[in-house]
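Please open the model in a viewer and keep the selection tool at hand. The stops below are taken in turn.

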Amino acid sequence: MKKLLLCTMLFAFSLANAQEKKDNEKLTIEKGTWYTAGNFSIGKSSNEFEGSPETSKYFSFNFSPKVGYTINDNLIIGLGVGYGYSKSESGNGIGKGNSYQIFPYIKKHFPLGKKLTISLQGEFSYNYSEFSDNSLPNPNERNSNQYFIGIRPGMTYFLNKNIALEANIGSLGYSKTDLNENNFPDRESDTFQFNINSTDLMFGLSYYW
């Protein structure tokens with residue numbers, strides 16, 4: 001579903017950009033402009049196993065509102081928060097998880113026309129997550145602290161002067177995770193990552209005033 005939405009947005013953006021190439025005027029988000037946005041993602045999957053009555057299901061939801069202020073033309077600094085929920089079912093076990101996030105950021109827009117921009121968002125984020133699984137005979141509980149610093153590329157298409165559609169596509173950066181789990185020793189991991197996949201696509205609406 002996310003890939004279809006992304007392809008649709010890319011197609012619409014390319015058409016808009018092609019039409020605007022005839023006009024040299026480009027969009028400017030002026031200094032002093034306030035900005036607020038809400039990105040969201042939803043994931044759902046269901047699998048059946050051949051020769052077995054068992055199935056596995058997975059559902060996830062993420063929402064991250066943010067606010068920002070334009071300190072220079074097309075340059076925004078701000079703060080965002082996020083919440084995520086996930087649920088998985090497999091055999092006789094059900095797992096549920098929650099995550100909480102905060103991320104200061106700086107975002108630079110590069111106009112391609114009067115309505116379309118590409119952007120780079122530099123951010124530092126902290127994420128706390130907790131997960132519980134009641135599968136027998138070994139119920140599992142874990143929590144983690146994750147730190148990320150990096151860049152998220154994106155696109156913005158202005159429907160009018162104030163309202164725009166946004167798509168953030170993947171990430172490039174460094175992350176560190178501290179994991180605590182009742183059935184295993186505590187673990188740490190460090191990762192330098194470049195991700196562009198369905199779990200890293202975020203869509204949303206933004207408002208400028």
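**Pocket, core and salt bridges**

By class, 5 nonpolar, 4 polar and 4 charged residues line the second largest pocket (Ala, Val, Leu, Ile, Met, Phe, Trp, Tyr, Cys and Pro count as nonpolar, Asp, Glu, Lys and Arg as charged, the others, Gly among them, as polar). This is a predicted model, in which local features need pLDDT of at least 70 and side-chain atom pairs pLDDT 80 or more, while totals for chains, interfaces and linings use all residues. Residues are numbered from 1 along each chain as its sequence is written, and side-chain values use heavy atoms, without hydrogens and water.

Select L27, T28, I29, F158 and K161, which lie nearest the centre of this pocket among its 13 lining residues.

Next, select L27, I29, Y35, A37, I76, F103, Y105, F158, A164 and Y208, the largest nonpolar core (buried Ala, Val, Leu, Ile, Met, Phe, Trp, Tyr and Cys residues joined through side-chain atoms within 4.5 Å; buried means under 20% relative accessible area, exposed over 50%, partly exposed in between, with a 1.4 Å probe and protein chains only).

Move to E166 and K107, which form a salt bridge with the closest N and O atoms 3.2 Å apart (a side-chain nitrogen of Lys or Arg within 4 Å of a carboxyl oxygen of Asp or Glu). Both E166 and K107 are buried.

Finally, select E181, which forms salt bridges with R142 at 3.9 Å and with R187 at 3.0 Å, N to O. Shared partners join R142, E181 and R187 into one network. E181 is buried, at 10% relative accessible area, whereas R142 is partly exposed at 32% and R187 is partly exposed at 36%.

How values were computed. 1 Å grid on protein atoms, 1.4 Å probe; cavity = no way out; pocket = protein on both sides within 12 Å on 5 of 7 lines; lining within 4 Å.
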